Amino acid sequence: MQDIFQLAYWIPLLPLLGALINGLGRQYLNKTAAGLLGSGTVLGSFVLSLLTFFQVKAGHSEVVTYFNFIDVASLRIPFAFQLDALSSLFLLIITGVGFLIHVYSTAYMHEESSAQFARYFSYLNLFVFSMLLLVMGANYVILFMGWEGVGLCSYLLIGYWFKNPAYTAAANKAFIMNRIGDLAFLVALFWIITKTGVVSFQEFFNFVQQHQFTEKFSATDITVITVLFFIGATGKSAQLPLYTWLPDAMAGPTPVSALIHAATMVTAGIYLIARSNLLYSLAPHTLHLISWVGLLTALLAASIAVAQNDIKKVLAYSTVSQLGFMFLALGTGAYGAAVFHVMTHAFFKALLFLGSGSVIHAMGGEQDIRNMGGLSKKLRITYLTFLIGCIAIAGIPPFSGFFSKDAILLSVFLHSPLQYVVALFAALLTAFYMFRLLFLTFSGRFRGTQEQAHHVHESPLAMTLPLMVLAVLSIIGGWVGIPAVLVPDAEALSHFLSPVIPMQSHIVSHETEYALMALSTGLVVAMVGAAWMRYRNYQPGKPAPAFIQLLENKWYVDELYQKLIVRPLALLAAWLRTVVEAKGIDGLVNGVGRAVQYSARQLRFVQSGQVGLYVLLMVLSMALLLIVQFFIRK
Amino acid sequence: MIALLIFLIPLLGGIISFVAGAGKKAAHTVFVLSTGALLALTLLGMTSWDQPALQRFSAIWLSSLGSSFSLALLPLGKVLCLLTAIVYFLLALYMTNKVVDRPAAFYGWLLLAQAGMMGVFLAMDALLFYFFWELALIPMYFLCSIWGGPRRIAVTFKFFVYTFLGSVLLLAGLIYLQSLTPEKSFALDAILKLKLTTAQQSWLLWLVLPAFAIKLPLFPFHTWQPDTYEEAPTPVTAVLSAVMVKMGILGLLRWLLPFFPIAAYQWGDVIMGLAVGGIVYASLIAWRQDDLKRLVAYSSIAHIGLMGAAAFAANTLAIQGLCFQLFAHGINILGMWLLVDLIERNLGTRKISELGGLAQHSPTLTLFMIIIALANIALPLTNGFVGELLMFTGLLATKSNYYWVLAAVAGLGIILSAVYTLGMIRSVFYGERNAVTGKPVLVSVPEQLVLFVIVLLVLFFGLFPQPLLDMTKEYAEQLFSQVDISYLFRKF
C-alpha cells in the first residue's frame, strides 16, 4: 500500500498529458474524444487521490523527491511533492469537484467547434494540473509554479472567447491583479532564501522553530514574510484590496467560474497560509491584520452582492465574501476551520455556479435575474439542487455550510466579540442575498421574453448529474466537522488534519456553543423569511434608492482604481515616452550626434552613412599592425 | 584549438560567402553550413572535447605592445558561444527561402559579426578583446545602413556615435591598465594581478563602464537601441539583441568587475539604482508603444536592466542567475523577433493599432507567441523564471544598504512586464479581425521547426535548468574569490 505514494506523480501528470494531447491534437480530435480525454484524466487523478487520501488517513505521510530543480551555491530546490493530510484533502477537493466540472462541461460547451472544444478542455486540464502542483509541492518554489500556473490558466479561460474585447480585458485584469500579489509572494520567497537558505516546508519550519526570535530569524523577519505571503494571498484569493478581478472573471464560460471559485485558484491563498500556520502563529500582528481584512472583505462583498442583478455576479461576490470568512478564520488562528470551509464551500459554490450555468443554458444566455422568475416548475432538478446550495451557503443545519461557518463564528466569538457581531451580520447578508437570488430566479412569474419561455428546458443528464452529486455533498459534506458538543467522537476533520494543523482546544461552555448556534440559525432563518417576503413576487420597474445604486455600482471601487492608479500611470508612461525619452535623453544624444556630424563634415573626413568605413579603417590598421609585427619578429 | 576553430569557422564562412555567394541560393547554403558546423563543433567542445588543452589557444601577436593572440573557452564564454551558435543556426534555418537583397554580402557580414562576437567571448587579452569588439560592430553598421528601414542612415549614425564613444573610452582604459602592469602586458592575468588603489579603480571604472553600459544598454545610455532595433532588418535585430548585447555583460563580468572590485562595490548602489530604475522606465515606455519592434526593444531594455543590476549585486546567486539568463534571454528574444518578423512579412505592418484578431486565423502562431511571451514575463516552468528567481534573490542579498528598495523597484518590472506583454497579445491576437488581418499568417515548415525548437528550449530549461546552471557553477562561486583585495585593507 505504501507504493501509492510512488505513483503520486501521476496525479498532476495525467491532467498535464490530457492538456497536451487535447491542445496539440485539437485539429484531429472530435468532441467525444476530447471530452473523454479531459474528464478521464481528471477521474484518474481522483482515483489516485482517493488512494493517497486513505494512505494518509492510515497515518502515513511522505515527501517524494524527484530531481533537483535548482542546485546552486548554498541553495538547493528539489522538485518534490508533499503527501500529507493537508495536501491529500485538497487533492480530493480539486480532482473530485474538478472532475464533476469536466463532465458538466462536455454538455455545456457542446456548441463550440471541435477544435475550440479541445482547446477548452486543454486549458481546463492545465488548470487542474497547476492547482495540483500548487498543493503537492513540498517547497515554496514548486508551490509558486502552481500558483502562477493557475493565474495563467484563469487568464486563458476568462479570455476563452477571445473575440470579445471585454472578456480579454477581464482576463488581463485577472492576471495583472494576481501578479501584484505574486510579487509580494516572490519577495517573501526571496526573503526566506536570503535568511534561511532553505525553501522546503520541513526544513524551513524546522529552521523557524530552532531560530525563532533570534538574530538569525527575528520577529521582523517573521512579520515581513507573513505579511508578504498574505498580500500574495489577497491577490489569488480575491481579498481587499485586490479582489476586483474575481467578479469580472465570470467572463469565462460558466463551468470555468465554478472551477475558479470552488475547486481551484481562489483557495490557493487559504492553502498557503494554512500550510504556513506554524509561521503565522508566531505573528500575532499579521493574524490581526488578516482577520480584519477578511472580515471587511466579507462585509463589503456581501453588501455588493445584495444589489447585483447578474446571476453570476451575485455568486462571484458571494465567493469573495465567503473567502473573507475563511481569512477571518485564519486570522483568529482557526486554520482548521478555514480549511473546513474551503471544503464545504467547494461543494456548494460549485453546485451554485453549475446550477446558474444550467439556468443560463435554459434561458438562452440570459444572465439578468430580473428577467427570470418562475423557473422552479420547468427546471425541477436545477431548482432543487440550487435550493440545497442556498441552504448550505446560508448556514442552516444540518447542511454543510452550517458546520463550517459555525466553527468560524465560534472561533471569532472567542477572539473578539466585536468581530463576531460584524461577521454575524455579514453571514445574515449572505442568507439574504442568496435567497433573493433564489426567489428572483425560480419563484413568482416568468419575466423573460416569449421566445425564452418556449425555449426553457431542463439541462441534459451530463449537467444535472454533477448537480445532484454536488447537492448530496453540500448536505452531508459538513458532517465530517460536526462539533464535539453535538455528537461524541466528532471533529473527524480536525483530527485528520492535526499532523499539519495542531488542534485547538476551545475552552467554552456547552451552553455558549448552543446559544451561538441557535442565535445564528434563528437569525438566518429570519433573513430567509425577509427575502421571501420581498422577492417571491418581484415586480420590476421601481428605481432603486441611492444607497442601493451605490451597492449596485460596487462602491465604485473599480472606477476609483482606474482614476487613482491606472490613469496616472498611463499618463506618466506617455510623458516618459514623448518628453523624457524623445526630447530629453534622445534630444541630448542627437545634439551630440549632430555636432560630431557637423565637425566631421567640416573636416571632410567622413560622409554621413559611411561611419562603418571609419571604424573599418581603425580595425584594418590594427590588423596591419599585427601583420607587420609578425614579419618583424620573423 | 577548439577555441581557435570557433573563431575561424565563421570568419572563413564569411569570407567564402563574400567570394562564392554570388548565386541566390549559394550564399544561404554557405550560411547554413557554416553556422551548422559551428554549432556542431561548439556542442562537441562542451561535451566530449572538454580538456583544458583543447580549449585554449595562444599565438604571438603584437608582442612589442605586450599583446598576444590568446583565446580560451571558459565557462562564461561557453554559455555565450553556445547561445551564439544556436541563435545563428536557428536564424539560418529561419531564413530558408527568404528573399534578401545582395545575399552574399548580407550573410557574409552576419558571419563576420559572428566571428567577432566569438572572439569577444574567447579573448584572454585586452587588446585582442578590443579588436574583436570592433570586429563585431563593423558588420552591424553595414547591415543596418544598407539593409535597414527608411531612417537607416540617421539611426545607424546614432548607433555609431554611441558605440564609438564607448569604444574609445574603453580603449583608453585598457591601454592605461596595460601601462600599469610591470611587464607592460595586455594579458588578462597580468591585469588581474594589478594592485590598484581605490581612487584608481574608481575613475578607471567610469572610463571602461560606458562601453559596456551602452552595449547592454543600461539606462540612460539606451536610446540608440529602440531606433536601431526598429530600423535594422529583423534578422539583424535578432542577432543584435539575442547575442550582441551579451558582449556588454561579458565585458562587465570579465573585463570590469574583477579589475575594479572595490569601485564596483562603492559605485554599486548608483549603478544598480540606474539599472533597476531603467527597468521601470523602459517597462512603462514599452506599455505605450504602437510598434511591435519598439515594444520588444523596450521590453529587452527592461530585462537587460535586471541583468545589469545582478552583475553588480556581487554575490554568487545573482551571478549564477545572470549566467543562466544570458542564455534564456537570448533564446526568448530570438523567438519574439521571429514572430514579429512573421507578422510583418505576412500582413505588411507591425503597428499594434492596425492589427487584431490574429488568433482566429493563426492559432499556431498564437500558441507560439503565448509561450514565448510567458517566458518573457518569467512565468515558472519557462526558462525565464529560473534566472529571474536567482537574480532577484541575489539582489535582495546584496550588501547594499538599499537592497530592499532595489528589489522592490525591480519587482515592479514583474508586474509591468505582464501589463505590456498581455496588453500587446490582447491587441494583436485577440478581438475581431480587420481588413489588415483578414488573411492568416502563414508559417512555413522551417519556420515552424525553428519556433518549435525555441519553445522546446524554453520549456526544457524551465523544468530542468540544472545542466545549464552546472556549466557556470564553479565560475559563479569563484568570481569573487579570484581577486585578491587584501592589500587594500593592509594599508589602514
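Does B:K215 count as buried or exposed, and why?

Mentor: The model is a predicted one, and the description that follows should be read accordingly. B:K215 counts as buried, because 29 C-beta neighbours lie inside 10 Å of this residue; the threshold for that class is 20 or more. In the chain, B:K215 belongs to helix 9 of chain B, which runs over residues 198-215. Leaving aside residues up to four places away in sequence, B:K215 touches B:G166, B:V245, B:M247, B:G248 and B:G251. By contrast, 26 Å separates the C-alpha atom of B:K215 from that of B:L396, a residue 181 places apart from it along the chain.

The helix itself deserves attention. Helix 9 of chain B comprises 18 residues, and its first and last C-alpha atoms are 26 Å apart, close to the 26 Å expected at 1.5 Å a residue.

Helix 16 of chain A, residues 380-394, has 15 residues and reaches 21 Å between its first and last C-alpha atoms, close to the 21 Å expected at 1.5 Å a residue. Eleven of those 15 residues are buried, so helix 16 of chain A is largely enclosed by the rest of the structure. Among the buried ones are A:T382, A:Y383, A:F386 and A:C390. The elements covering them include helix 14 (311-331), helix 15 (335-362) and helix 22 (510-535) of chain A. Just after helix 16 of chain A, A:G395 adopts a positive phi of about 90°.

Finally, the two chains meet in a contact that takes 53 residues from chain A and 58 residues from chain B. On the side of chain A that touches chain B, the elements supplying at least two residues each are strand 1 (62-72), helix 5 (140-158), helix 6 (165-196), helix 24 (557-602) and helix 25 (611-633) of chain A. Helix 6 of chain A gives the most to that side, with 14 residues. By class, the side of chain A that touches chain B holds 34 nonpolar, eleven polar and eight charged residues.

How values were computed: Residues are numbered from 1 along each chain as its sequence is written. Chains are lettered from A and ligands numbered from 1 in the order in which they are written. This is a predicted model: local features need pLDDT of at least 70, side-chain atom pairs count only at pLDDT 80 or more; totals for chains, interfaces and linings use all residues. Helices (H or I, at least four residues) and strands (E, at least two) are DSSP runs, numbered from the N terminus. A residue is buried if 20 or more other C-beta atoms lie within 10 Å of its own, exposed if 12 or fewer, and partly exposed in between; C-beta atoms are placed from the backbone. Two residues are in contact if their C-beta atoms, placed from the backbone, lie within 7 Å. Ala, Val, Leu, Ile, Met, Phe, Trp, Tyr, Cys and Pro count as nonpolar, Asp, Glu, Lys and Arg as charged, and the others, Gly among them, as polar. The expected span of a helix is 1.5 Å times one less than its number of residues.
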